[in-house]
Amino acid sequence: MIKIKHPEEDCNVSQEAFLANCPEDQRRFHELLFTVGNITYRYHQSAKDFSPSLQDYHEWLEGLPENVRKGMQEKGFESCKSVLSFTRYVNEKNDVGLEEYIVQQLDAEDLAEYHGFLTIGKEQ
């Protein structure tokens, strides 16, 4: 079961359809993957709550490699408000780290199982 739903209903429908057709031995992995993905999506969307400023944008640009910085400067502040590295910068600047956010959203069993899947992936 996907425990944290996506805020967009069409994504929930797609995820549930995928799981309905998923082999039983892969279902739990995908349920956790969707749950963590939905949590991560919500995390990045929450950056809007901090009303990112032009100062945040300029600080973020300073930390980027030169070639990436140039591209992000060309996109401009408004376009970069949805760039994942910028939304993560904004959240972390406001003491909301992605890993901690995920930990807060998952129960202990799901978190342990998710970390187990991550460990298996590193061993391969």
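**Stop 1: helices α1 and α2**

Start with the pair α1 and α2, whose crossing is right-handed (a crossing is right-handed if the near helix is turned clockwise from the far one by less than a right angle, left-handed if anticlockwise). Before going on, a word on what you're looking at: this is a predicted model, where local features need pLDDT of at least 70 and side-chain atom pairs count only at pLDDT 80 or more, while totals for chains, interfaces and linings use all residues. Residues are numbered from 1 along each chain as its sequence is written, and side-chain values use heavy atoms, with hydrogens and water left out.

To find the two helices, select residues 9-20 for α1 and 24-45 for α2; they pack at an angle of about 170°, with axes 10 Å apart. Axes here are lines fitted to C-alpha atoms, for helices over the stretch in contact, and angles run from 0 to 180 degrees between N-to-C directions. The two helices are therefore roughly antiparallel (over 145 degrees; under 35 is roughly parallel, 65 to 115 roughly perpendicular, and the rest oblique).

Now show side chains. On α1, pick Q15, F18, L19 and A20; on α2, the partners are R27, H30, E31, F34 and N38. Contact means heavy atoms within 4.5 Å. Sorted by class, this contact has four nonpolar, three polar and two charged residues (Ala, Val, Leu, Ile, Met, Phe, Trp, Tyr, Cys and Pro are nonpolar, Asp, Glu, Lys and Arg charged, and the others, Gly among them, polar).

**Stop 2: zoom out**

Show the whole chain: it has eight helices and zero strands. Helices (H or I, at least four residues) and strands (E, at least two) are DSSP runs, numbered from the N terminus. The C-alpha trace spans about 50 × 35 × 25 Å along its principal axes. Of the 124 residues, 32% are buried (under 20% relative accessible area; exposed is over 50%, partly exposed in between, with a 1.4 Å probe and protein chains only). Among contacts between residues at least 6 apart in sequence, 65% join residues at least 24 apart.

**Stop 3: helices α3 and α6**

Next, select 54-62 (α3) and 84-93 (α6), which pack at an angle of about 110° with axes 10 Å apart. That makes α3 roughly perpendicular to α6. This crossing is right-handed. By class they are five nonpolar, one polar and three charged.

**Stop 4: two loop residues**

Which residue has a phi near 45°? Click S51, where phi is positive although the residue is not glycine. S51 sits in the loop between α2 and α3, and it is exposed, at 55% relative accessibility.

Then jump to D95, in the loop between α6 and α7 (98-105). D95 also has a positive phi, about 60°, without being a glycine. At 73% relative accessibility, D95 is exposed.

**Stop 5: the cysteines**

How many disulfides does the chain have? The count is zero, taking a disulfide as a pair of cysteine sulfur atoms within 2.5 Å. C22 is buried, with a relative accessible area of 7%. Finish on C80, which is buried at 0% relative accessibility.
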